[in-house]
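I opened this notebook page to record what I looked up in one protein chain.

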Amino acid sequence: MSLPNCLQCQSEYVYEDGLLLICPMCSFEWTPGQEEVEEGLKVLDSNGNLLQDGDTVTIVKDLKVKGALKDLKQGTRVKNIRLVEGDHNIDCKIDGFGPMKLKSEFVKKL
């Protein structure tokens, strides 16, 4: 079985150590199958789970919203999120609230 080149420096001198593949040239470590992971926007929820466009999330704490008459309550489900660059990295529409930008640290993936 031939091993893939390093994902970081493309070195051909990759070796196996248990379940990991290791590059001695740049010290990069990864698990086989990680090659397919695209180098795009990586957004993690409050539990460290990777979020993707279209996911459904739940708000993990009450959030005050400037200019709104009421707060967003813990447990509110948000469907069909869209990931964007920036501090507030989730773009969504919340039923009964309208369009909103959220920080990923205040949501958890369902």
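The entries below concern a predicted model.

**Entry 1. Secondary structure.** I began with the elements of the chain and found zero helices and eleven strands. Read from the N terminus, the order is accordingly β-β-β-β-β-β-β-β-β-β-β. I then checked the overall extent. The radius of gyration is 19 Å, whereas the globule rule gives 13 Å for 110 residues; the chain is therefore more spread out than a compact globule. I also noted the span of the C-alpha trace along its principal axes, which is about 60 × 25 × 20 Å.

Entry 2. What share of the 110 residues counts as buried? I recorded 27% for the chain, with under 20% relative accessible area as the cut-off for buried. Next I turned to contacts with a separation of 6 or more, and 38% of these come from residues 24 or more positions apart.

**Entry 3. Charges.** I counted 14 positive and 18 negative charges in the chain. Their mean positions lie 16 Å apart.

Entry 4. I looked up an open sheet of three strands and wrote down its order as β7-β6-β11, with antiparallel pairing. Which strands stand at the edges of this sheet? They are β7 (77-78) and β11 (107-109); each has a single partner strand, so one side of each is left without a neighbour in the sheet. I followed the pairing of β6, residues 57-59, with β11 and found three bridges in the antiparallel sense. Within this pairing, Val 57 has Lys 109 of β11 as its bridge partner.

Entry 5. How many bridges join β9 and β10? I noted five, in the antiparallel sense, with β9 covering residues 90-94. In this pairing, Ile 94 stands opposite Gly 98 of β10.

**Entry 6. Summary for the page.** Beside them I wrote the bridge counts, three for β6 with β11 and five for β9 with β10.

Technical notes:
Residues are numbered from 1 along each chain as its sequence is written. This is a predicted model: local features need pLDDT of at least 70, side-chain atom pairs count only at pLDDT 80 or more; totals for chains, interfaces and linings use all residues. Side-chain values use heavy atoms; hydrogens and water are left out. Two strands pair if DSSP finds at least two bridges between them. Helices (H or I, at least four residues) and strands (E, at least two) are DSSP runs, numbered from the N terminus. The radius of gyration is taken over C-alpha atoms; the globule rule is 2.2 Å times the number of residues to the power 0.38. Buried means under 20% relative accessible area, exposed over 50%, partly exposed in between (1.4 Å probe, protein chains only). Contact means heavy atoms within 4.5 Å. Lys and Arg count as positive and Asp and Glu as negative; His and the chain ends are not counted. The place of a charge is taken as NZ of Lys, CZ of Arg, CG of Asp or CD of Glu.
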